[in-house]
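Please look through the sequence and the model below before reading on. The report that follows goes through a few places in the chain, one after another.

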Amino acid sequence: ANITAATATIQQMFHTILNLTLPDNNPNDTTNGRVSQMSIIVQDIAENILKQLDQYINGWDIDIIIKKYPTLYSESMNTVILQETIRYNLLLKTIYNSLTSVTLALKGLKVMTNQLEILSKSLFNNIIPNQWKIKSYPSLMPLSRWIIALLKRLSFINQWILYDKPLQYWISGLTFPQAFLTGILQNYARKMKLPIDTIHFNYKIMNY
C-alpha cells in the first residue's frame with residue numbers, strides 16, 4: 001500500500017511539473033505574429049500520428065463484418081471480433097476528431113477550447129490524452145510507444161478480419177480479453193454439450 005501510494009504521488013508530481021509550461025510555450029501565444037514553438041511541435045506530432053494511422057483511421061465497415069462474421073451459436077469468436085472492431089472504431093474516431101480539431105485550432109481556423117489546450121499539452125508532453133484513455137484499453141506507456149503498440153493491435157485485428165480467425169491469438173492485443181476467454185469456454189461448452197460453469201482453464205508453465 002505504501003509503495004502504491006508513493007508511486008501515485010510521484011506520478012502526479014511529475015504530471016504537474018510537465019504541465020507547468022513556460023508562457024512562450026503556450027499553444028495560444030504568438031510573438032510578433034509568429035506561431036509559438038510549442039504550437040509547431042504539437043502540430044507536427046498530431047500530423048505524424050494521423051499519418052501513421054492513415055490506413056486504419058476511418059475504421060472498419062461494421063455491416064461488412066456482421067455479414068462475414070454473423071452471430072453463431074457454435075462460434076463465439078464472431079462476437080468477439082465484432083465487439084473488438086466496434087471498440088477500435090470508436091477509439092480511432094476519437095483520435096481522428098481530436099487531432100483534426102487541435103490542428104485546425106493551432107492554425108487559427110478553429111477556437112482553441114480548454115479541452116483542445118489540454119490535448120495539445122498532452123501531445124507536447126508525450127502523454128496519452130485523457131479523452132483517448134476513456135475510449136481505449138488500459139496502458140501505462142508514453143504516447144509515442146502507445147501509438148506503435150496501437151498500430152500492432154490494429155494490424156492484428158485487420159488480419160483477423162481479412163483472413164478469418166487466427167490459429168494463435170494475441171490476447172493482450174484485444175481491448176476486452178475477458179470476452180475472448182469467455183468465448184473460448186462457450187465454444188468448448190457448446191461443442192461438448194456441457195454447462196459452461198462446470199469447465200475452466202488449466203495452465204501449464206513452459207520452460208524456455
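## A walk through selected residues

S122 is found in helix α5, which spans residues 114–124, where helices are DSSP runs of H or I with at least four residues, numbered from the N terminus. The model is a predicted one, in which local features need pLDDT of at least 70 and side-chain atom pairs count only at pLDDT 80 or more, while totals for chains, interfaces and linings use all residues. Residues are numbered from 1 along each chain as its sequence is written, and side-chain values use heavy atoms, with hydrogens and water left out.

With a relative accessibility of 10%, S122 counts as buried; the term buried stands for under 20% relative accessible area, exposed for over 50%, and partly exposed for what lies in between, using a 1.4 Å probe and protein chains only. When its neighbours within four places in sequence are left aside, S122 is in contact with I127 and P129, contact being heavy atoms within 4.5 Å.

| Residue | Relative accessibility | Class |
|---|---|---|
| W60 | 14% | buried |
| I17 | 47% | partly exposed |
| F201 | 29% | partly exposed |
| Y203 | 70% | exposed |

W60 lies in the loop between α2 (37–52) and α3 (62–68). Which side chain does the side chain of W60 meet in a polar contact? The partner is the side chain of N158, at 2.9 Å, a polar contact being a pair of N or O atoms within 3.5 Å, of which, within protein, one must be able to donate a hydrogen and the other to accept it, and residues adjacent in sequence count only if both atoms are side-chain atoms. Although W60 and N158 are 98 residues apart along the chain, their C-alpha atoms are separated by 8.6 Å. Beyond its neighbours within four places in sequence, W60 is in contact with several residues, including I65, Y88, L92 and I161.

Aromatic rings form another topic. A search of the whole structure finds 9 aromatic pairs, and the rings of F201 and Y203 have centres 6.4 Å apart and planes at 35°, so this pair is tilted. Rings of Phe, Tyr and Trp (its six-membered ring) pair if their centres lie within 6.5 Å, with planes under 30 degrees apart counted as stacked, over 60 as edge-to-face and the rest as tilted. Elsewhere, ring pairs link F156, W160, Y169, W170 and F180 into a cluster.

Finally, I17 is found in helix α1 (residues 2–19).

Note on methods. Helix = DSSP H or I, 4+ residues; strand = E, 2+ residues; numbered from the N terminus.
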